[in-house]
Amino acid sequence: MAAFRVYTSSGSRRPTTLGGRIFSSLFFLVFAGMGVAATVMFALPMVQSMSSWGWQKTQCRVLSSQVEELLFTLPPEQAALEVKPYRLAVTYQWERDGRTQTGSDVGGGAQQRTRGSAERELARYRPGSAVTCYFDPDLTSAASLRRPRPWPLLILGFPLIFVAVGMVSMVAHAARS
C-alpha cells in the first residue's frame, strides 16, 4: 500500500547552502534592477517634459488663436487613429531683455476630444488678450502657455514597488541566513 508523508516545519530551519544564498541574492538583485531600469525608462521623458516647471512666469499677448482639425491635416492612416483630433493653435508674444519674442507652444492639454471642448479652451486665448505664459531662462525663444500636469509622475510608483520588493527581500534573505 502507498503512503504519503507530509513534513511540516516546526520552527527551526535548515541553513541555506552557499549556492542557494547566491542564487536568491542574484534573483532579488535582478528583480530590483528591472524595477530600476523601468523607473529610469519612464522617468527620463517625464522629467524632460516637466522642465517647464522651472521656467519663469511672464505676461504674453495673444496674436492669433484657432482650433485646428487634425483629421484633415494628418495622413489618413494617422487621422484614423487620432483620439484627440482638435488642437489649439495659439501664436503669442512676450518681452524678454528688451526684445520681443514670438511663440506658438500651447503646452499640456493642447489637444481635445471634441470641437466643443476645444472651443471652450480657445475662449481663454482671444486675440489681443494678455495671458500668463512661461519662458525658459536658458533659451531665449522657448516659451509655453501651459505647464504639463504633474500627475503622470505618480506612474513612477509602480516600478519603484519592484525595486522595494527586490531590495527588502534581498536584505531579509541575507539576515535570515
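Trainee: How many disulfides does the structure hold?

Mentor: This is a predicted model, and it holds one disulfide. The partners are Cys 60 and Cys 133, with their sulfur atoms 1.7 Å apart.

Trainee: Which parts of the chain does the pair link?

Mentor: Cys 60 is in strand β1, residues 56–69, and Cys 133 is in strand β5, residues 130–135. The two cysteines are 73 residues apart, and the pair links distant parts of the chain.

Trainee: Is the disulfide right-handed or left-handed?

Mentor: Look at the torsion about the S-S bond. For Cys 60 and Cys 133 this torsion is about 60°, so the disulfide is right-handed.

Trainee: Are Cys 60 and Cys 133 buried or exposed?

Mentor: A residue counts as buried when its relative accessible area is under 20%. Cys 60 has 2% relative accessibility, so Cys 60 is buried. Cys 133 has 0%, and therefore Cys 133 is buried too.

Trainee: Strand β1 also holds Leu 63. Is Leu 63 buried, partly exposed or exposed?

Mentor: The relative accessible area of Leu 63 is 33%, so Leu 63 is partly exposed. Leu 63 and Gln 93 are 30 residues apart in sequence, and their C-alpha atoms are 7.1 Å apart.

Trainee: How do I read the packing of α1 and α5?

Mentor: Start with the angle and the distance of the axes. Helix α1, residues 18–49, packs with α5 at an angle of about 160°, and the axes are 7 Å apart. An angle over 145 degrees counts as roughly antiparallel, so α1 is roughly antiparallel to α5. The crossing of the two helices is left-handed.

Trainee: What kinds of residues make the contact of α1 with α5?

Mentor: Sort them by class. The contact has 14 nonpolar residues, eight polar ones and one charged one.

Trainee: Where is Ala 174, and is Ala 174 buried or exposed?

Mentor: Ala 174 belongs to helix α5, residues 157–176. Its relative accessibility is 52%, so Ala 174 counts as exposed. Ala 174 and Ile 22 are separated by 152 residues in sequence, while their C-alpha atoms are 9.7 Å apart in space.

Trainee: How do I describe a pair of aromatic rings?

Mentor: Two values are used: the distance of the centres and the angle of the planes. A search of the whole structure finds five aromatic pairs. One of them joins Phe 27 and Phe 28, with 5.5 Å from centre to centre and 70° between the planes. That pair is edge-to-face. Phe 27 has a relative accessible area of 45%, so Phe 27 is partly exposed.

Trainee: What about the rings of Phe 31 and Phe 162?

Mentor: Their centres are 5.4 Å apart and their planes are at 50°, so this pair is tilted. Phe 31 is in helix α1 and Phe 162 is in helix α5, so the pair ties together parts that are 131 residues apart in sequence. At 27% relative accessibility Phe 31 is partly exposed, and at 31% Phe 162 is partly exposed.

Trainee: Which residues do the ring pairs link into a cluster?

Mentor: The cluster is made of Phe 27, Phe 28, Phe 31, Phe 158 and Phe 162.

Trainee: Where is Pro 148 found, and is Pro 148 buried or exposed?

Mentor: Pro 148 is in the loop between β6, residues 143–144, and α5. Its relative accessibility is 18%, so Pro 148 counts as buried. From Pro 148 to Gln 66 there are 82 residues in sequence and 21 Å in space, C-alpha to C-alpha.

Trainee: Where does Glu 82 lie?

Mentor: Glu 82 lies in the loop between α3, residues 76–79, and β2. The relative accessible area is 26%, so Glu 82 is partly exposed. Glu 82 and Thr 39 are 43 residues apart in sequence, and their C-alpha atoms are 28 Å apart.

Methods: Residues are numbered from 1 along each chain as its sequence is written. This is a predicted model: local features need pLDDT of at least 70, side-chain atom pairs count only at pLDDT 80 or more; totals for chains, interfaces and linings use all residues. Side-chain values use heavy atoms; hydrogens and water are left out. Helices (H or I, at least four residues) and strands (E, at least two) are DSSP runs, numbered from the N terminus. Buried means under 20% relative accessible area, exposed over 50%, partly exposed in between (1.4 Å probe, protein chains only). A disulfide is a pair of cysteine sulfur atoms within 2.5 Å. Axes are lines fitted to C-alpha atoms, for helices over the stretch in contact, and angles run from 0 to 180 degrees between N-to-C directions. Angles under 35 degrees count as roughly parallel, over 145 as roughly antiparallel, 65 to 115 as roughly perpendicular and the rest as oblique. A crossing is left-handed if the near helix is turned anticlockwise from the far one by less than a right angle, and right-handed if clockwise. Ala, Val, Leu, Ile, Met, Phe, Trp, Tyr, Cys and Pro count as nonpolar, Asp, Glu, Lys and Arg as charged, and the others, Gly among them, as polar. Rings of Phe, Tyr and Trp (its six-membered ring) pair if their centres lie within 6.5 Å; planes under 30 degrees apart count as stacked, over 60 as edge-to-face and the rest as tilted.
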